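Thanks for making time this morning. I would like to talk through a few places on this protein with you, so please have the sequence and the model open as we go.

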Amino acid sequence: MLAIELVADAIPPVNTSDSIQKVFDRMAEFRVRHLPIVNEEQFLGLVSEDDLIEEPDYNTPIGALALSLVNPYVLEEQHIYDVIRLFYERDLSVVPVLDIKKDYVGLISINTMNEYFAKLTAVSEPGGIIVLEISNKNNSLAHMSQVVESDNAQILSSYTRTFPDSTRMEVTLKVNKQDISNILATFLRYGYDVKATFNFTDHNDNAKDRFDSFMNYLNL
């Protein structure tokens, strides 16, 4: 996905003639800590609430202030991972998006980014989560997919986590089944180290509990 696909028009930029009070009001309305300053189509930089909070006169236009503006942005054809990197590295609440001429196109808010990330990782979809610990030399997502698909299931999302000075890595799989007992058994049979599971509903558990209770009753 490209940055332009997540641009939202709901949050308008501010310009140099806007008062500090107007900027604060807009930040409060959209629950952000930064806003782009734009004159016509020219992007001047991001203003943060910390830049303005110590000014005594909130009627002062922001163009009259000596602001040390940060100037982070992405181009509209950049990948969404570049947007995520800016949010993380610069602790931003919005990321401006510019076209190839460096004219302002719009922005991506942290709320929009969170919604996209939720869809990307399929967090709203029901299913089980499997965390595998493997050697980074044996990282075959194709084989992991075959294991999952052998139980008529599918991988909804996956991501990896590496560790410094280690050849081991974690692979987290979100699958579209909550009863993942057969999938886990297959992973173990192939020698995978299952480190953790989440949202795991084993439909055999209730039957086993009823059987154990019945046997205890007979022993009485």
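Let me begin with Y81, which is exposed, because its relative accessible area is 55% and the cut-off for calling a residue exposed is over 50%. Please bear in mind throughout that what we are looking at is a predicted model. Y81 sits in helix α3, which covers residues 80–90, and together with F117 and L120 it makes a nonpolar surface patch of about 320 Å².

D91 counts as exposed, at 51% relative accessibility, and its phi is positive, about 50 degrees, although D91 is not a glycine. As background, most residues other than glycine have a negative phi. D165, in the loop between β7 and β8, also has a positive phi, in this case near 55 degrees, and D165 is exposed, with a relative accessible area of 86%.

Now to the largest pocket, which holds about 150 Å³ of space. Which elements give two or more residues to its lining? They are β6, residues 129–135, β7, residues 155–162, and β8, residues 168–175, and the largest share, 3 residues, comes from β8. If you want to find the pocket on your screen, the lining residues include I129, V131, S157, Y159, T172, L173, K174 and F198. Sorted by class, the lining has 7 nonpolar, 3 polar and 1 charged residues.

Key:
Residues are numbered from 1 along each chain as its sequence is written. This is a predicted model: local features need pLDDT of at least 70, side-chain atom pairs count only at pLDDT 80 or more; totals for chains, interfaces and linings use all residues. Side-chain values use heavy atoms; hydrogens and water are left out. On a 1 Å grid over the protein atoms alone, a cavity is a set of points where a 1.4 Å probe fits but cannot get out, and a pocket is an open set with protein on both sides within 12 Å along at least five of seven lines; lining residues have an atom within 4 Å of a point. Grid points are joined across faces, edges and corners, and a volume is the space filled by probe spheres set on the points. Helices (H or I, at least four residues) and strands (E, at least two) are DSSP runs, numbered from the N terminus. Ala, Val, Leu, Ile, Met, Phe, Trp, Tyr, Cys and Pro count as nonpolar, Asp, Glu, Lys and Arg as charged, and the others, Gly among them, as polar. Patches are made of residues with over 30% relative accessible area and no salt bridge: like charges are joined within 9 Å, nonpolar side chains (Val, Leu, Ile, Met, Phe, Trp, Tyr) within 5 Å. Accessible areas come from the Shrake-Rupley method with a 1.4 Å probe; for residues, only the protein chains shown count as cover. A salt bridge is a side-chain nitrogen of Lys or Arg within 4 Å of a carboxyl oxygen of Asp or Glu. Buried means under 20% relative accessible area, exposed over 50%, partly exposed in between (1.4 Å probe, protein chains only).
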